[in-house]
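Please look over the sequence and structure shown here before reading the briefing below, which goes through strand pairing and helix packing by topic.

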Amino acid sequence: MATKNITDENFETEVLKADKPVIVDFWAEWCGPCKQIAPILSEISDEMSNVVIAKHNIDDHPNQPGKYGVRGIPTMLLFKDGELKATKVGATTKSNIVSWIKENI
């Protein structure tokens, strides 16, 4: 499954009311580490059908990052049943991201 684009407008519907756990990747076009993990998150999205990987561009949609205390990017937030369950800040390896997801869902 491809990654989903999340906006301030559809955040509640696509993330908080989702049937599956959702990992929201807060990113920006100018962020090198964000670009580094983008293909990793795309692979994880294809391989793990039990979670949704969503991308939230902080420049285009600035409201949600502040609401959830995002201070640096990339920041990944894991939501399950409408609640924030875990946070991961910074670029890391695919195995670290997959382990983090499995530990928190």
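**The hairpin and its sheet**

In the hairpin formed by E4 and E5, where two residues lie between the strands, Asp81 adopts a positive phi near 55°. The model described here is predicted, and its five strands make up an open sheet of mixed pairing, ordered E1-E3-E2-E4-E5. At the edges of this sheet are strand E1 (4-5) and strand E5 (83-89), each of which pairs on one side only.

**Antiparallel pairings**

- Strands E4 and E5, which flank the hairpin containing Asp81, pair in the antiparallel sense over six bridges, and Leu78 has Ala86 in E5 as its bridge partner.
- E4 is also joined to E2, in this case by five bridges and again with the strands running antiparallel; here Phe26 has Thr75 in E4 as its bridge partner.

**Parallel pairing**

- Strand E2 (residues 22-27) and strand E3 (residues 52-57) run parallel and are joined by six bridges, with Val24 standing opposite Ala54 in E3.

**Helix packing and burial**

- Helix H2 (residues 32-47) lies across E2, E3 and strand E4 (75-80), and the helix runs at about 155° to E3.
- Strand E4, one of the strands that H2 lies across, is mostly covered, with five of its six residues buried.

How values were computed. Residues are numbered from 1 along each chain as its sequence is written. This is a predicted model: local features need pLDDT of at least 70, side-chain atom pairs count only at pLDDT 80 or more; totals for chains, interfaces and linings use all residues. Side-chain values use heavy atoms; hydrogens and water are left out. Two strands pair if DSSP finds at least two bridges between them. Helices (H or I, at least four residues) and strands (E, at least two) are DSSP runs, numbered from the N terminus. Contact means heavy atoms within 4.5 Å. Axes are lines fitted to C-alpha atoms, for helices over the stretch in contact, and angles run from 0 to 180 degrees between N-to-C directions. Buried means under 20% relative accessible area, exposed over 50%, partly exposed in between (1.4 Å probe, protein chains only).
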